[in-house]
Amino acid sequence: MTMHVTGTREEWLAARLDLLAEEKELTRRSDMLAQRRQELPWVRIDKDYRFETANGGASLADLFKGRSQLLIYHFMFGPDYTVGCPSCSSIADGFNGVVVHLENHDVAFTAVSRAPLPKLQAFKERMGWTFDWASSFGSDFNLDFSVLFSEQQQREGGIEYNYRREPPAPKPLAAENVQEWRLRGSETPVAQIAAMTGTDVATYTRDRPGVSAFVLQDGVVYHTYSSYARGVDGIWGVYQWLDRAPLGRNEQGIWWRHHDEYGRG
């Protein structure tokens, strides 16, 4: 027997029209926020970041591949991980079909991770992905764009992620105290995810996810935007669908996996 409110089609329509008015307002507000993103001041990039790609060594400007704009997904895959972060992997499952449209609208796209390129390529092949994925191994890129932190920063409270400073990590680092990563119904979600990558919580959380945007004008690269933590939700496709499902996200701890691991014991 259903435990949810039921009603007539007329009652449903009346409630739906009320909700529609709020959805339209949210859409208008979202359009305004998108405009404000585009109006942020550009910051010139003067450091010579180097990456390893499937086509060899590359600079940040090379990642534009002849286009004027570049979007980067900061994929959590540190050198000590055995596989990519399952959360980032779930997000990345939606990239393949999008990239061709971005590239034909003057926007280049690549994921960037710290793991060495051979490790990235092996995991990319396993997942069946075709989007570009560059290694920033040995570069300051992740550090400078606030998606990499040191053991000392963890211990001393020197991490500034998502534009706010985190408190020092407890000893030993306990997943339930990493508030940025907490999910309903699970005491240690970060420990579960860290285990999926073959690491511990401290190692796993030194890398972080995010999205950054750049523009190339007159041979100069500028940083225009970055978003982190829940700011990445908008590109996590499965959640956009779940938010429209009857039971919503309906989460009880960590439920997602690498897509080839569903159904395994």
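Student: What is the relative accessibility of R126 in this model, and how does the residue count?
Tutor: The model is predicted, and values read from it are computed from predicted coordinates. Buried residues lie under 20% relative accessible area and exposed ones over 50%, with partly exposed residues in between. R126 therefore counts as partly exposed, its relative accessibility being 34%.

Student: Which residues of helix α4 are buried, and how wide is the arc within which they fall?
Tutor: In α4, which spans residues 117-127, the buried residues are L117, L120, F123, K124 and M127. Seen down the axis of α4, these residues line one face of the helix, because they fall within an arc of 130°.

Student: Which exposed residues does the face of α4 turned away from the buried side carry?
Tutor: The buried residues of α4 pack against β2 (50-53), α2 (86-92), β5 (107-113) and β6 (133-135). The face turned away from that buried side carries two exposed residues, P118 and E125.

Student: Where does D233 lie, and what is its relative accessibility?
Tutor: D233 forms a salt bridge with R249, the closest N and O atoms being 3.2 Å apart. This pair links distant parts of the chain, with R249 in the segment after α9 and D233 in the loop between β10 (220-228) and α9, 16 residues apart. D233 counts as buried, because its relative accessibility is 11%.

Student: Which residues are linked with D233 in a network of salt bridges?
Tutor: The salt bridge between R249 and D233 has its closest N and O atoms 3.2 Å apart. Both residues belong to a network of salt bridges, in which D233 is linked with R230, D243 and R249.

Student: Over which residues does pLDDT stay under 50?
Tutor: The mean pLDDT of the chain is 92, and 92% of its residues reach 70 or more. Where pLDDT is low, the predicted coordinates should not be read in detail. That caution bears on a stretch for which the model has 34 contacts beyond four places in sequence, and the stretch with pLDDT under 50 covers residues 174-187.

Terms used. Residues numbered from 1 in each chain as written. Predicted model: local features only at pLDDT ≥ 70, side-chain atom pairs only at ≥ 80, totals over all residues. Heavy atoms only, no water. Buried < 20%, exposed > 50% of the residue type's maximum accessible area, 1.4 Å probe, protein only. Helix = DSSP H or I, 4+ residues; strand = E, 2+ residues; numbered from the N terminus. Arc of directions from axis to C-beta. Contact = heavy atoms within 4.5 Å. pLDDT = per-residue confidence, 0-100. Salt bridge = Lys/Arg side-chain N within 4 Å of Asp/Glu carboxyl O.
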